[in-house]
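Have the viewer open as you read.

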Amino acid sequence: MNPDLDLGLERIIRAPRATVWNAWTDPARLAQWWIPAPMRCQVDRLDVRPGGAFVTRMSEGGEEFVSHLDACFLAVDEMERIVFTNAVDSSWRPANPAPIAMTATITFGEHPDGTDYRIVVRHGHPESRARHEELGFADGWGTVATQLAALVEGAR
């Protein structure tokens with residue numbers, strides 16, 4: 001991880017790695033935790049394979065859903081790693097996403113208490129990293145990691 005360009009998050013999720021993986025790869029489960037509550041998520045496309053689409057929408061009131069993420073998966077190693085970017089959209093066209101372009105790597109490791117869950121979000125410029133941090137990377141990604149943990153640990 002490059003501290004000038006990357007942001008990260010680590011958690012131990014007290015659930016089996018297969019359960020955490022399934023929460024990432026099943027559209028119905030992803031929709032339950034991917035966006036910070038009380039906002040709601042709609043998964044339009046989730047094709048978890050290299051080159052596959054990752055498209056979500058969000059809604060504050062549950063009625064009108066607006067674009068949230070139009071991305072593609074770059075690498076998928078079953079039960080171990082998911083890499084996606086919003087710098088290329090779901091139709092494999094170069095994108096200029098707002099507010100920042102990023103590539104995210106999520107790893108799922110074995111841990112005696114469940115799953116060692118790690119996120120590294122890479123940015124192209126220090127300014128993009130700083131902007132993402134300023135926009136609330138820790139709160140946003142931290143909140144959804146907590147929501148994911150609550151879902152898979154059975155607390156929801």
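At roughly what angle do the axes of helix α1 and α4 cross?

## The helix pair

This is a predicted model, and in it the axes of α1 (residues 17-25) and α4 cross at roughly 120°, coming within 10 Å.

On the α1 side, the contact is made by T19, V20, A23 and W24, while α4 brings L148, L151 and V152. By type, that contact splits into 6 nonpolar residues, 1 polar and no charged.

## The largest pocket

What's the volume of the largest pocket? About 650 Å³. Its lining has 23 residues, and those closest to the centre are H68, P99, M102, H132 and W141. Two elements, β4 (66-77) and α4 (137-152), each give two or more residues to the lining.

Which bonds are worth a look if you care about omega? The peptide bond from A98 to P99 is cis, with omega near 0°. P99 sits in the loop between β5 (81-85) and β6 (103-111), and P99 is also one of the residues closest to the pocket centre. The A37 to P38 peptide bond is cis too, with omega near 15°; P38 is in the loop between α2 (27-33) and β2 (40-46).

Then there's M79, which isn't a glycine but has a positive phi of about 70°. You'll find M79 in the loop between β4 and β5.

Methods. Residues numbered from 1 in each chain as written. Predicted model: local features only at pLDDT ≥ 70, side-chain atom pairs only at ≥ 80, totals over all residues. Heavy atoms only, no water. 1 Å grid on protein atoms, 1.4 Å probe; cavity = no way out; pocket = protein on both sides within 12 Å on 5 of 7 lines; lining within 4 Å. Points joined across faces, edges and corners; volume = space filled by probe spheres on them. Helix = DSSP H or I, 4+ residues; strand = E, 2+ residues; numbered from the N terminus. Axes fitted to C-alpha atoms, helices over the stretch in contact; angles between N-to-C directions. Contact = heavy atoms within 4.5 Å. Nonpolar A, V, L, I, M, F, W, Y, C, P; charged D, E, K, R; others polar.
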